[in-house]
Amino acid sequence: MDTARLGLTVVGLGGGRRRTSDPIDPAVGLGDLCQVGEWADSQRPLALVHARREDSAKAAIAALQAAIAVGDEAPPLRPLLHEKLGGSD
């Protein structure tokens with residue numbers, strides 16, 4: 001799952017800013033995202049796309065599909081923490 005690409009998808013919908021002066025549309029974005037390893041099918045989609053226009057929705061769907069790899073098996077779990085820096089144990 002390419003989370004940076006997912007964030008840029010939300011920006012493309014208008015739910016984030018490219019520049020500080022850009023407005024944010026609170027009605028657009030991605031919702032109900034599948035978690036890594038979670039089953040997805042026609043009853044449980046990868047995410048819900050909230051868009052103002054159909055062309056924006058189609059672009060977001062394509063970006064979403066490109067950002068998430070889908071397979072028959074869950075990927076191996078990766079540690080949330082790779083290394084502890086500084087401080088005492």
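Student: Which residues does Ser-56 touch, not counting residues up to four places away in sequence?

Tutor: This is a predicted model, where local features need pLDDT of at least 70, side-chain atom pairs count only at pLDDT 80 or more, and totals for chains, interfaces and linings use all residues. Residues are numbered from 1 along each chain as its sequence is written, and side-chain values use heavy atoms, leaving out hydrogens and water. Contact means heavy atoms within 4.5 Å. Beyond four places in sequence, Ser-56 touches Leu-13 and Ala-51.

Student: Is Ser-56 buried or exposed?

Tutor: Ser-56 lies in helix H2; helices (H or I, at least four residues) and strands (E, at least two) are DSSP runs, numbered from the N terminus. Buried means under 20% relative accessible area, exposed over 50%, partly exposed in between (1.4 Å probe, protein chains only). Ser-56 has a relative accessible area of 11%, so the residue is buried.

Student: Which side chain makes a polar contact with the side chain of Ser-56?

Tutor: A polar contact is a pair of N or O atoms within 3.5 Å; within protein, one must be able to donate a hydrogen and the other to accept it, and residues adjacent in sequence count only if both atoms are side-chain atoms. For the Ser-56 side chain the distance is 3.0 Å, and the partner is the side chain of Arg-53.

Student: How is H1 oriented relative to H2?

Tutor: Axes are lines fitted to C-alpha atoms, for helices over the stretch in contact, and angles run from 0 to 180 degrees between N-to-C directions. The axes of H1 (residues 3–13) and H2 (residues 54–67) come within 9 Å and cross at roughly 175°. Angles under 35 degrees count as roughly parallel, over 145 as roughly antiparallel, 65 to 115 as roughly perpendicular and the rest as oblique. The crossing therefore makes H1 and H2 roughly antiparallel.

Student: Which residues of H2 make the contact with H1?

Tutor: On the H1 side stand Arg-5, Leu-6, Thr-9 and Leu-13. On the H2 side stand Ser-56, Ala-60, Ala-63, Leu-64, Ala-66 and Ala-67.

Student: Where is Asp-32, and what is its phi?

Tutor: Asp-32 sits in the loop between strand E1 (29–31) and strand E2 (48–50). Most residues other than glycine have a negative phi. Asp-32 has a positive value, near 50°.

Student: Is Pro-26 buried or exposed?

Tutor: Pro-26 lies in the loop between H1 and E1. Its relative accessible area is 78%, so Pro-26 is exposed.
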